Amino acid sequence: MILELHSPLDMHLHLRDGDMLKLVAPLSSASFAGAVVMPNLVPPVADAEAVQAYRGRIMDACGGDVFKPYMTAFFRSYTEKELERLRDLVFGIKLYPAGATTNSEGGVKAMKDAEATMAMMQEMGIPLLVHGETHGFVMDREAEFLDIYRNLAEQFPRLTICMEHITTAAAVRLLDEFENLAATVTLQHLLITLDDVAGGMLRPHLFCKPIAKRPEDREALLKAALSGHPRLMFGSDSAPHPVHAKEACGCAAGVFTAPIALPRLAALFEEHDALDRLQGFVSGHACALYGLTPPAKTVRLERREMLVPDAYEGYGQKVVPMEAGCVIPWSLMQSGFTKMT
Ligand SMILES: NC(=O)N[C@@H](CC(=O)O)C(=O)O
Ligand SMILES: [Zn+2]
Ligand SMILES: [Zn+2]
């Protein structure tokens, strides 16, 4: 059986930089027609020059693959002039609460400091993407942030606000309270709970932020994704860290899923008789919501077993994927169609 996906998009992707970028970019450009690339580099991508330079490095790393990076800038207080330059260069601006996750120390310390920039973004039609976590108890950080989302959605009704990588049933419910809220959900949060991360031996390659939550949260996320919720999109949040940073006492937060994302999503949606909803989840909803016209790219999957490598290595980097060593019943078909001829 062959499944064709038209212009699949990853709406939340970390490509990193340097040698790691060279290793992981082709693993995304092989599967997707484009991706929303996160700006949390060191230093963060926080001005027009940095956005343009990073885009160039990403395109070089993707080789000849048909792949459109939808760039983002790291949220800070921008002047109107800076935003006017950025709006033609970025898909959106990504807000990190200071210290909430990887490379977010330079993020927003108090939401009130962010309001002036958000008001201008609303007028300019620049989407706001948010890592929605407080600094509370680790299992409550997203739930506590929902009031902030509610206030922002009310204060800026014409601003599209994307709740990135939602992990709770409460966030799914909030999605239906405001038309200007959207959300991405990762592969891992449709599959695992905190029990998979820490219920037995601690599994560093399943640790990410926001942390995986309870079974009822996973069920709510899965139900919304399988039902084709029009404002819920796939965003892998594929977040590669070198194996020594994951298999460590202080384990970096991030799950690396880019190479298995589409085959594993096909298996999941097939398991729930929802394969017909996959196209919308990985492309249609995002295109409709944001008015995107991604490059035409047909990605073919076939029902042939894929053995997930123990690691991906190259350019002096080594990254362990989720489900390393496991068998997925779907595979990406190798086809020349995805290369620029
Ligand atoms: N999700 C993660 O656990 N980590 C991401 C950052 C982020 O998306 O929060 C990363 O860049 O490593
Ligand atoms: Zn995040
Ligand atoms: Zn992320």
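The questions and answers below go through selected parts of the structure in turn.

Biologist: What kind of model is this, and which pLDDT must local features have?

Modeller: Residues are numbered from 1 along each chain as its sequence is written, chains are lettered from A and ligands numbered from 1 in the order in which they are written, and side-chain values use heavy atoms, with hydrogens and water left out. The model is predicted: totals for chains, interfaces and linings use all residues, side-chain atom pairs count only at pLDDT 80 or more, and local features need pLDDT of at least 70.

Biologist: Which residues does the UniProt annotation "binding site" cover?

Modeller: The annotation comes from an unreviewed UniProt entry. UniProt positions are given in the numbering used here, feature names are shortened, and annotations may be inferred rather than shown by experiment.

Biologist: Is Lys94 buried or exposed?

Modeller: Lys94 is found in strand β5, residues 92-95; helices (H or I, at least four residues) and strands (E, at least two) are DSSP runs, numbered from the N terminus. Contact means heavy atoms within 4.5 Å, and beyond its neighbours within four places in sequence, Lys94 has contacts including His12, Phe74 and His131. Buried means under 20% relative accessible area, exposed over 50%, and partly exposed in between (1.4 Å probe, protein chains only). Because its relative accessibility is 0%, Lys94 counts as buried.

Biologist: With which side chain does the side chain of His165 make a polar contact?

Modeller: His165 lies in the loop between β7 (161-163) and α6 (169-175), and it counts as buried because its relative accessibility is 2%. Its phi is near 40°, a positive value in a residue other than glycine. A polar contact is a pair of N or O atoms within 3.5 Å; within protein, one must be able to donate a hydrogen and the other to accept it, and residues adjacent in sequence count only if both atoms are side-chain atoms. At 3.0 Å, the partner of His165 is the side chain of His131.

Biologist: How much of the accessible area of ligand 1 does the protein cover?

Modeller: Ligand 1 is surrounded by 15 residues, and the closest are Arg16, Thr101, Thr102, Lys209 and Asp237; a residue is near a molecule if one of its heavy atoms lies within 4 Å of it. Oxygen atoms of ligand 1 lie 2.8 Å from a polar side-chain atom of Thr101, 3.0 Å from an N or O atom in the side chain of His131, and 3.3 Å from a polar backbone atom of Gly254. Accessible areas come from the Shrake-Rupley method with a 1.4 Å probe; for residues, only the protein chains shown count as cover. Of the 310 Å² that ligand 1 has on its own, the protein covers 100%.

Biologist: Which backbone nitrogen does the side chain of Ser104 reach?

Modeller: Ser104 has its place in the loop between β5 and α4 (115-124). Ser104 is buried because its relative accessible area is 0%. At 3.0 Å, its side chain reaches the backbone nitrogen of Ala100.

Biologist: What separation do the C-alpha atoms of Met20 and His241 have?

Modeller: Met20 lies in helix α1, residues 18-29, and counts as buried because its relative accessibility is 6%. Among the residues that Met20 touches are Leu15, Pro240 and His241. Met20 and His241 are 221 residues apart along the chain, and their C-alpha atoms are separated by 8.5 Å.

Biologist: Where is Pro210 found?

Modeller: The peptide bond from Lys209 to Pro210 is cis, with omega near -5°. Pro210 is found in the loop between α8 (194-198) and α9 (215-226).
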